[in-house]
Amino acid sequence: MTEKIKITRDDKSAKYKLQMEELYKKQYGTELKFDTVEKRGKFLVASVKKKEMHEADKRHAAHETTLATYFVVPFSKGKLANEGIWAQIDSAPAHEGFGYDRDGPYDIRLPNTTSLKIVAGKTVLADISSSEIREIDARDNTQVSAWLKQEYSHNWNSYEVHNDASWNKNLDDNAKRIAKNNALKFAQGFIKKFICNGDEWTAEKSRLKRVEKIGTLRKKVNDKWEKQAADEKKSAQEQKHQQATREVSGQQRIMQRYVQKSLMERITDWFK
């Protein structure tokens with residue numbers, strides 16, 4: 001069950017926010033100010049979500065990115081544990097970039113990218129990234145869930161999944177594959193348990209099904225309209241052909257009567 005802890009100056013629960021920020025700095029060596037702190041079972045989840053401008057560098061032109069950062073810490077009897085798990089989701093839209101050859105830099109188009117990294121201390125529990133799947137907002141839990149469950153693409157090769165074990169050069173290919181599967185399952189469980197609220201874990205899948213159903217219905221209607229238009233065009237052409245045939249037949253009958261009459265007149269003249 002999710003219990004949101006409201007953070008205000010007058011509320012003593014503000015101490016948890018400060019404690020989470022202090023613990024994060026101690027564990028990861030950088031400062032981070034959280035927007036909210038939620039109680040999820042026996043854990044506290046601090047989070048900050050934002051959109052920021054990514055400055056230009058040697059490979060990227062300036063572009064906006066969306067970020068969602070989470071810090072999950074065990075919580076018991078009003079006290080935090082000594083360490084927690086850090087997770088960050090980063091998503092960037094397609095944007096201009098730079099490539100290089102012997103003549104110098106040239107403009108290129110870089111695809112949209114989305115990544116999720118979950119770290120406990122110095123241990124990478126999951127490191128997942130994709131590109132050219134679909135632009136998503138890292139702050140939107142339903143989109144993140146659908147991306148992580150690969151509902152936006154059936155192309156598994158477009159997803160890179162790793163953890164510390166999968167990078168171990170001493171493991172064989174099968175062991176690395178198992179490690180990658182474990183990393184993906186862990187990431188999915190982490191997001192579902194600590195990040196999503198209510199039906200956010202399944203909401204996007206339901207929406208995509210509705211969109212697909214509407215698209216199928218729209219296609220049926222369009223196909224019906226196109227068939228109806230084709231039938232009407234064919235019917236009009238047939239009617240036009242029939243009218244032309246009737247006109248030709250009428251002219252032929254008139255000509256036949258003329259020819260027959262002329263022939264009778266010529267034959268009659270023989271007896272005069």
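This report covers confidence, strand pairing, backbone exceptions and aromatic contacts in one protein model.

## Model and confidence

The model is predicted; local features need pLDDT of at least 70, side-chain atom pairs count only at pLDDT 80 or more, and totals for chains, interfaces and linings use all residues. Residues are numbered from 1 along each chain as its sequence is written, and side-chain values use heavy atoms, with hydrogens and water left out.

The average pLDDT (the predictor's confidence in each residue, from 0 to 100) is 81 for the protein, and 73% of the residues score at least 70. Elements here are DSSP runs numbered from the N terminus: helices are H or I with at least four residues, strands are E with at least two. Strand β1 (residues 2-5) has the lowest mean pLDDT among the elements, 51, while β6 has the highest, 96. Over residues 6-10 the pLDDT stays under 50. For that segment the model has seven contacts (heavy atoms within 4.5 Å) beyond four places in sequence.

Buried means under 20% relative accessible area, exposed over 50%, and partly exposed in between, with a 1.4 Å probe and protein chains only.

Two strands count as paired if DSSP finds at least two bridges between them. β4 pairs with strand β3 (residues 43-54) in the antiparallel sense over 12 bridges; in this context E52 stands opposite T65 of β4. With strand β6 (residues 85-92), β4 forms an antiparallel pairing over seven bridges, and D90 in β6 is the bridge partner of L67. The pairing of β4 with strand β5 (residues 79-80) is also antiparallel, over two bridges. Here S76 stands opposite K79 in β5.

## Positive phi values

The hairpin of β4 and β5 has two residues between the strands, and K77 takes a positive phi near 55° there. K77 is a residue other than glycine. With a relative accessible area of 83%, K77 is exposed.

Q150 is not a glycine either, yet has a positive phi of about 60°. Its place is in the loop between α2 (141-148) and β11 (159-162). Q150 is buried, at a relative accessible area of 7%.

## Aromatic contacts

Rings of Phe, Tyr and Trp (its six-membered ring) pair if their centres lie within 6.5 Å; planes under 30 degrees apart count as stacked, over 60 as edge-to-face and the rest as tilted. By this rule the count is 11 aromatic pairs. The ring centres of F43 and F194 are 5.0 Å apart and the planes stand at 75°, so this pair is edge-to-face. It links distant parts of the chain, with F43 in strand β3 and F194 in helix α3 (residues 173-195), 151 residues apart. F43 is partly exposed at 22% relative accessibility, whereas F194 is buried at 9%.

W147 and Y159 have ring centres 6.2 Å apart and planes at 35°, so the pair is tilted. W147 lies in helix α2 and Y159 in strand β11, 12 residues apart; both W147 and Y159 are buried. Elsewhere, ring pairs link Y24, Y28, F34, F71 and W86 into a cluster.

A charge sits over a ring if NZ of Lys or CZ of Arg is within 6 Å of the ring centre and within 35 degrees of the ring normal. K149 lies over the face of W201, at 4.5 Å from the ring centre.
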